[in-house]
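Okay, thanks everyone, let's get going.

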Amino acid sequence: MSNSFLKQPKSVWAVTFACVIAFMGIGLVDPILKPIAEQLNASPSQVSLLFTSYMAVIGVAMLITGAVSSRIGAKRTLLIGLAIIVVFSALAGLSNSIGAIVAFRAGWGLGNALFIATALATIVNSASGSVAEAIILYEAALGVGIAAGPLVGGELGSISWRGPFFGVAVLMTIALAATAFLLPASPPAGRRTSIIEPLKALRHRSLATVAVTALLYNFGFFTLLAFTPFPLAMSARQIGLIFFGWGIGLAITSVFVAPRLQRWFGTLPVVMTSLLLFGADLAVMGLYAHHKSVLAVGVVVAGLFLGINNTLITEAVMAAAPVERGTASAAYSFVRFSGGAIAPWLAGKLGEEVNIQLPFYVGAFAVVLAVATLATGWKPLSHLRAPAAHSKVEAEALTAADA
């Protein structure tokens, strides 16, 4: 890393700051799920729709982000995305019904998709130094945002469940102003992207296999994220601290551990092992769902496995089919988020109508199915079985995967 790594243009720092806030949105609402349910007389499955609407819109929007950016340019796409987030996060904070919050979270998802899908390319194009250094900067924003989201959500949520929504609106307004004034104008791309291209890319069996694998393990991931706060039954600050530990673990293993494991053992073996361990973690959480200490430790431990998996499986997408990286990422994200959007609602429903153990068992079973699905692609994805150096497009893959 060169000595000029931190001497970036102001425009780069503006976009990086916005990235931190955008990635905070992943875990920001976890600490306030239970307070929202209590104060708005909503059930766990109804509150879990905050994740469902958000993820479903992101999944569909991933089909259009490339088409939008290639027609109006990166800066305008970023500004539109940021503006949408500001408006809909503020409206969510002003809402007095669970239905309204769910609807506004959907709008928030659209803004996040437009922003995140364009952010890395903007940082790489504007940063000084090498591409690798620009990606490290982006990864740092990713790690800080994921880790800080639950912590900030817990602190603001201890004041009011509306606090995290207003906090995002204020911070994103600052990011919007900084991006508007500091980022130079960017012209539209030379070639206009079609929204049909990601769907056509799914004809490749290798890409479809990885996408369906991600859809299935998302059932476990969003069970953890959307349902665990209810059996934990703790304060917003306490849940925020637990998921802060989850975010720290995810950030550390995604950036530092996953590349080393990939070099030693290869992408597919590491992904399958991390998924099996995550499935076992969910099964243990289901078995001891009435013990809060076990659930808390299970959440933190899951972050370690998810960090490894998210990095490597999304990088596998980039090498799964002979299509452009952006097209492969959009196709993968469409399947992963659109299909996985049902998981938060299903987990809440099972917890309400059966018992609090079943959602974790269903999540664990889905993760095991993900491993079995990935195993069917053992031959088509043979190039990912051997140990290899970590790719520099990791952060671009994570853009779609973790946003």
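So, a term before anything else: buried means under 20% relative accessible area, exposed means over 50%, and partly exposed is in between, with a 1.4 Å probe and protein chains only. Keep in mind that this is a predicted model, where local features need pLDDT of at least 70, side-chain atom pairs count only at pLDDT 80 or more, and totals for chains, interfaces and linings use all residues. Residues are numbered from 1 along each chain as its sequence is written, and side-chain values use heavy atoms, with hydrogens and water left out.

Salt bridges, then. By that I mean a side-chain nitrogen of Lys or Arg within 4 Å of a carboxyl oxygen of Asp or Glu, and the structure has three. One of them joins Arg 237 and Glu 155, at 3.0 Å from N to O. That one links distant parts of the chain, 82 residues apart: Arg 237 is in helix H11 (residues 236-265) and Glu 155 in helix H6 (residues 131-157). Helices here are DSSP runs, H or I, of at least four residues, numbered from the N terminus. Glu 155 is partly exposed at 35%, and Arg 237 is partly exposed too, at 39%.

Lys 34 and Glu 38 also pair up, at 2.6 Å. Those two sit four residues apart in helix H2 (residues 33-39), so about one helical turn separates them.

On to the rings. Ring centres within 6.5 Å make a pair, using the six-membered ring for Trp; planes under 30 degrees apart are stacked, over 60 edge-to-face, and the rest tilted. The search turned up ten aromatic pairs. Take Trp 108 and Phe 165: centres 6.1 Å apart and planes at 70°, so edge-to-face. Both Trp 108 and Phe 165 are buried. Phe 221 and Trp 246 are tilted, because their planes are at 35°, with centres 6.2 Å apart. Ring pairs also join Phe 51, Phe 221, Phe 222, Phe 243 and Trp 246 into a cluster.

Last bit, the core. A nonpolar core is a set of buried Ala, Val, Leu, Ile, Met, Phe, Trp, Tyr and Cys residues joined through side-chain atoms within 4.5 Å. Which members of the largest one touch the most others? Out of 113 residues, those are Ile 36, Phe 165, Tyr 217 and Trp 246. Helix H9 (residues 205-227) gives the largest share, 14 residues.
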